[in-house]
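Please examine the sequence and the three-dimensional structure shown below.

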Amino acid sequence: MPNPNAAQAPVTVIGLGLMGQALAAAFLKNGHPTTVWNRSADKADELVATGAALAASVKDAVEASPLVVVCVSDYAAAHELLDPLAGSLAGRTLVNLGSASSSQARDTAKWAKDHEAAGYLDGAIMAFPAGIGTDAAVLLHSGPKSAYDEHEATLKALAPAATLYLGEDPGLASLHDVALLGVMWGIQNSFLHGAALLGAAGVKATDFATLATPLIAVVAQTVDAYAAQVDAGEYPGDDASVATHVGSMAHLLDESKELGVNTELPALFKAFGDRAMAAGHASSGYAALIEQFRKPSA
Ligand SMILES: NC(=O)c1ccc[n+]([C@@H]2O[C@H](COP(=O)([O-])OP(=O)(O)OC[C@H]3O[C@@H](n4cnc5c(N)ncnc54)[C@H](OP(=O)(O)O)[C@@H]3O)[C@@H](O)[C@H]2O)c1
């Protein structure tokens with residue numbers, strides 16, 4: 001049921017895929033008069049049934065609200081929609097929540113400024129659609145602080161516990177997005193590689209998970225200490241040295257070869273460890289590998 005709180009600011013949502021529908025539903029639930037538009041109009045049916053207004057065109061959708069949230073597959077699609085009606089953006093704030101690179105975000109911010117938008121915020125959604133509007137959602141925003149401050153209360157409908165502002169550079173949200181996704185894939189790939197290794201010895205992934213899950217929690221506790229070392233540029237080897245890690249990496253690589261599972265991930269780990277050793281960090285702590293990650297690939 002729509003929340004009838006008329007005091008809430010109006011908002012438009014363009015793009016009603018899995019994520020856009022969740023965004024619009026969260027705005028509606030919080031009492032924001034919500035206008036929606038999608039290329040395939042039938043995706044608006046459920047939202048309209050719960051109180052959303054379906055705009056007849058993208059232009060009408062943009063012009064319906066001072067805050068326009070776009071969430072389509074990519075920035076090429078967003079530009080395809082918005083470029084022809086850039087004049088309608090004047091005086092409105094555009095929030096782009098689709099995934100992008102930081103340079104695409106900066107280019108779009110410039111485009112919005114050139115078309116006299118009141119503000120452009122780039123955003124990154126660190127949640128699945130089901131988490132939108134709950135305390136599980138994290139939404140990152142970057143761009144003009146004034147635009148963020150003006151619309152923060154509305155944007156909080158999407159991530160009540162963690163609507164975060166990262167800074168004036170509009171590329172920051174996208175940059176954080178990919179960096180955080182990299183952390184996620186790093187953990188997931190390592191778990192899956194380990195499951196393949198143990199699977200070759202007849203161990204079930206579910207049994208491996210009972211040991212891997214608590215280990216992930218322990219490893220997470222090292223992040224703050226490593227972050228401080230990275231920022232300080234000093235890597236005391238007070239838990240385990242790079243040399244000790246590299247010795248174990250060699251075992252992971254050898255086991256993978258012997259059991260006939262893919263060796264690319266352990267080979268990558270060891271390559272970075274070897275390079276850190278060659279750079280004089282054999283007795284440093286693991287955070288010393290940051291120096292290898294900072295270098296462009298050959
Ligand atoms: N789903 C997630 O868990 C999640 C999480 C974080 C971030 N995101 C990001 O959110 C964005 C949308 O994801 P999604 O899951 O909602 O994807 P989706 O379900 O595939 O929906 C894609 C949306 O983009 C629209 N679209 C694509 N190309 C278009 C074009 N050329 N012109 C007009 N509309 C176009 C689609 O319209 P039609 O319905 O007409 O095809 C649809 O509304 C992506 O950038 C994604 O990376 C998603």
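Which residues of strand E5 (residues 93–96) are buried on one side, and which on the other? Thr93 and Val95 are buried on one side of strand E5 and Leu94 and Asn96 on the other, so that both faces are covered. Buried here means under 20% relative accessible area, exposed means over 50%, and partly exposed lies in between (1.4 Å probe, protein chains only).

## Basis of the model

This is a predicted model, in which local features need pLDDT of at least 70 and side-chain atom pairs count only at pLDDT 80 or more, whereas totals for chains, interfaces and linings use all residues. Residues are numbered from 1 along each chain as its sequence is written, and side-chain values use heavy atoms, with hydrogens and water left out.

## Domains

The protein chain is divided into domain 1 (11–168) and domain 2 (176–293), with bounds that come from an automatic or database domain assignment. The centres of domain 1 and domain 2, taken over C-alpha atoms, are separated by 37 Å.

An unreviewed UniProt entry places the feature "domain: 6-phosphogluconate dehydrogenase NADP-binding" at residues 11–167. UniProt positions are given in the numbering used here, feature names are shortened, and annotations may be inferred rather than shown by experiment. In the model, the span of residues 11–167 is 35% helix and 22% strand, and its end C-alpha atoms lie 23 Å apart. Helices (H or I, at least four residues) and strands (E, at least two) are DSSP runs, numbered from the N terminus.

## The sheet

Eight strands form an open sheet with mixed pairing, in the order E3-E2-E1-E4-E5-E6-E7-E8. Its edge strands are E3 (53–54) and E8, each of which pairs on one side only. Two strands are taken to pair if DSSP finds at least two bridges between them. Strands of a sheet pair through backbone hydrogen bonds, either parallel or antiparallel.

Strand E5 pairs with strand E4 (residues 67–70) in the parallel sense over four bridges; within this pairing, Val68 has Leu94 in E5 as its bridge partner. Strand E7 (residues 138–142) is mostly covered, with four of its five residues buried. E7 pairs with E6 in the antiparallel sense over five bridges, and Val138 in E7 is the bridge partner of Met126. E7 is also joined to strand E8 (residues 163–165) by three bridges, and these two strands run parallel.

## Salt bridges

How many salt bridges does a search of the whole structure find? The search finds six, a salt bridge being a side-chain nitrogen of Lys or Arg within 4 Å of a carboxyl oxygen of Asp or Glu. In helix H3 (residues 58–63), Lys59 and Glu63 lie four residues apart, about one turn of the helix, and their side chains meet in a salt bridge (3.1 Å, N to O). Lys59 is partly exposed at 41% relative accessibility, and Glu63 is partly exposed at 34%.

A corresponding description applies to helix H11 (residues 264–281), where Asp274 and Lys270 lie four residues apart, about one turn of the helix. The closest N and O atoms of this salt bridge are 2.9 Å apart. Asp274 counts as partly exposed, with a relative accessible area of 32%, as does Lys270 at 21%. Glu152 forms a salt bridge with Lys156, with the closest N and O atoms 4.0 Å apart. Glu152 is partly exposed at 26% relative accessible area, and Lys156 is partly exposed at 36%.

## Surface features

Val183, Ile187 and Ile216 make a nonpolar surface patch of about 230 Å². Patches are made of residues with over 30% relative accessible area and no salt bridge; like charges are joined within 9 Å, and nonpolar side chains (Val, Leu, Ile, Met, Phe, Trp, Tyr) within 5 Å. Accessible areas come from the Shrake-Rupley method with a 1.4 Å probe, and for residues only the protein chains shown count as cover. Val183 is found in helix H7 (residues 172–199) and is partly exposed, with a relative accessible area of 49%.

Where is Glu116 placed? Glu116 is in the loop between helix H5 (102–114) and strand E6 (119–126), and is exposed, with a relative accessible area of 59%. The phi of Glu116 is near 65°, a positive value in a residue other than glycine. Most residues other than glycine have a negative phi.
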